[in-house]
Amino acid sequence: MSIFSSMNTTASALTAQRLRMDVISSNIANIDTTRARQVNGEWEPYRRKSVTLTEDNGQFSSFLNKAMNKKENAGNGVKVTSIREDNQTPFKLVYNPTHPDANEDGYVEMPNVDVLTEMVDLISATRSYEANVTVFNASKSMLTKALEIGK
């Protein structure tokens, strides 16, 4: 177990939460994008994206786990396993017959992005990021104090 393992764990969480915030920002920025990509020659609206995080099972195990004859690792942070598009939620239909992408009935398919959901996710990611910054600063402070004791 490295002296910096807590900082590495926290750094992985900071990176993951930053990516979550970037994806959420992209979702909000594309809330009115009706031509994101072509599928079978037809334009399709932007699809909401979400980040999937999992535990990072690195090859290092802690001294405490070895002393207790445990085989599992102490935890090495998180990693992003995928950025998935939401294919389950249908597109929103908005009546706007003057829109260039309106169908023959005057309805436009809009992205399946809900601002309220995105804001809740953004607040969650921001709070997680802030908590990890606090943990990182506490670890840094403890390491600094440990070095001062050794003087």
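Predicted model: local features only at pLDDT ≥ 70, side-chain atom pairs only at ≥ 80, totals over all residues.
Among contacts in the chain between residues at least 6 apart in sequence, what percentage join residues at least 24 apart? The figure is 63%.

Let me begin with the overall layout. The chain holds three helices and six strands. Read from the N terminus, the elements follow the order α-β-β-β-α-β-β-β-α. The chain has 151 residues, and 24% of these count as buried. Its accessible surface amounts to about 10,400 Å², with 55% belonging to carbon and sulfur atoms.

Is R48 buried or exposed? R48 counts as buried, because its relative accessibility is 14%, and the cut-off for buried is under 20%. Its side chain makes a polar contact with the side chain of E118, at 2.4 Å. If neighbours within four places in sequence are set aside, the residues in contact with R48 include N27, R84, E85, D86 and N112. V113, T117, E118 and D121 are also among them.

R127 counts as exposed, because its relative accessibility is 58% and exposed means over 50%. R127 also gives an example of separation in sequence: R127 and Q17 lie 110 residues apart along the chain, yet their C-alpha atoms are 9.3 Å apart in space.

N40 deserves a word on its backbone. This residue is found in the loop between β1, residues 37-39, and β2. Although N40 is not a glycine, its phi is positive, at about 55°. N40 is exposed, since its relative accessible area is 78%, above the 50% limit.

Finally, I come to the second largest pocket. Its volume is about 200 Å³. Which residues line the second largest pocket? They are T34, R35, E42, W43, P45, D101, N103, Y107, V108 and E109. Strands β2 and β6, the latter being residues 107-110, each supply at least two residues of this lining. The largest share, three residues, comes from β6. Sorted by class, the lining has four nonpolar, two polar and four charged residues.

To close, I return to the opening figure: among contacts between residues at least 6 apart in sequence, 63% join residues at least 24 apart.

Note on methods:
Residues numbered from 1 in each chain as written. Heavy atoms only, no water. Buried < 20%, exposed > 50% of the residue type's maximum accessible area, 1.4 Å probe, protein only. Polar contact = N/O pair within 3.5 Å; in protein donor to acceptor, adjacent residues only side chain to side chain. Contact = heavy atoms within 4.5 Å. 1 Å grid on protein atoms, 1.4 Å probe; cavity = no way out; pocket = protein on both sides within 12 Å on 5 of 7 lines; lining within 4 Å. Points joined across faces, edges and corners; volume = space filled by probe spheres on them. Helix = DSSP H or I, 4+ residues; strand = E, 2+ residues; numbered from the N terminus. Nonpolar A, V, L, I, M, F, W, Y, C, P; charged D, E, K, R; others polar. Areas by Shrake-Rupley, 256 points an atom, 1.4 Å probe, with all protein chains shown as cover.
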